[in-house]
Amino acid sequence: MEKEVFNSYMDQVQKYPLLSYENEVELSRRIESGDSRAKMLLVQSNLRLVVSIAKKLNVSKDCMMDLIQEGNLGLITAAAKFHYSFKTRFSTYAYSWIMQYMLRYLHNRCTPIALPHRKDEVIRHVATAEQYLLQQTGHQPSLEELSVYMGLPEKTIKDAMQYAFMVTSLDSECGEDDNSSIGDLLPDSTYSPEKKMMDKEGRAEVFDLINTLPEKEQKVIYHRYNFACEQRPKTLREISSMLGVSAETIRQMELRALRRMRANVAVKQLSMVER
């Protein structure tokens with residue numbers, strides 16, 4: 001049944017055409033203006049991306065569609081937050097959101113709780129009995145049938161089946177082609193793809209502003225605010241020794257550079273408003 005549902009879903013999503021970079025930019029502009037249909041088109045054209053990521057996680061077929069639906073939620077979130085100014089393909093931006101939603105689902109579904117030995121033994125016996133009755137009767141055995149066969153109360157069997165669904169080891173391997181484990185897939189709730197992207201864009205804008213400054217002022221800003229990625233920002237005295245001027249001159253150059261950068265930002269914001 002799950003295979004039929006999956007195949008039917010794939011037939012549906014493959015009907016939606018893939019987008020070019022120009023198409024994505026146009027849809028992003030329309031989404032910015034409040035066009036809900038543009039958002040729907042962006043999501044539909046990337047549903048195959050979600051399926052591709054889900055397949056890489058090598059989950060059981062029983063929960064594949066649930067995993068895909070969770071990934072689709074991440075895709076929808078990405079479509080709402082994506083902006084053409086990011087200057088990247090939508091699939092690159094959406095990947096982190098989709099993966100975050102999927103890993104959160106796997107984490108919640110597979111809570112790593114260690115069970116006492118007796119409960120673990122009951123789980124194994126129930127699984128063995130369930131498989132045996134399935135082979136003998138040709139249908140999934142009910143709680144009553146399992147209870148009669150095993151001689152255990154129905155509540156005990158029901159609890160064991162719930163534990164079997166929820167519990168796994170953090171060291172359990174989750175892929176056939178590598179040695180990754182469930183523990184490797186636990187999501188970082190502090191990670192935000194949007195924040196990472198915005199930080200990257202913000203840093204690029206700052207570098208663009210610095211590049212508009214005179215050469216010496218560029219060097220002052222680079223070293224004063226450690227854009228050179230050294231162990232620590234340099235002091236006024238250290239920079240003055242590098243450039244062969246006094247520390248006070250460096251301080252004045254820093255102030256001038258900051259004023260220039262603020263003025264350039266104000267001009268840029270004004271030009272955006274006028275558009």
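**Aromatic contacts in a predicted model**

Mentor: The structure holds 5 aromatic pairs. This is a predicted model, in which local features need pLDDT of at least 70, side-chain atom pairs count only at pLDDT 80 or more, and totals for chains, interfaces and linings use all residues. Residues are numbered from 1 along each chain as its sequence is written, and side-chain values use heavy atoms, with hydrogens and water left out.

Trainee: Which geometry does the pair of Phe82 and Phe86 have?

Mentor: Rings of Phe, Tyr and Trp (its six-membered ring) pair if their centres lie within 6.5 Å; planes under 30 degrees apart are stacked, over 60 edge-to-face, and the rest tilted. Phe82 and Phe86 are edge-to-face, at 6.0 Å centre to centre with 80° between the planes. Both residues are buried (under 20% relative accessible area; exposed is over 50%, partly exposed in between, with a 1.4 Å probe and protein chains only).

Trainee: What does the pair of Phe207 and Tyr222 tie together?

Mentor: That pair is tilted, with 5.8 Å centre to centre and 35° between the planes. Phe207 lies in helix H11 (residues 193-210) and Tyr222 in helix H12 (residues 215-224), so the pair ties together parts 15 residues apart in sequence. Helices here are DSSP runs (H or I, at least four residues), numbered from the N terminus. Phe207 is partly exposed at 21% relative accessible area, and Tyr222 is partly exposed at 23%.

Trainee: Where does Arg29 lie?

Mentor: A charge sits over a ring if NZ of Lys or CZ of Arg is within 6 Å of the ring centre and within 35 degrees of the ring normal. Arg29 lies over the face of Tyr84, 4.1 Å from the ring centre.

Notes
Helix = DSSP H or I, 4+ residues; strand = E, 2+ residues; numbered from the N terminus.
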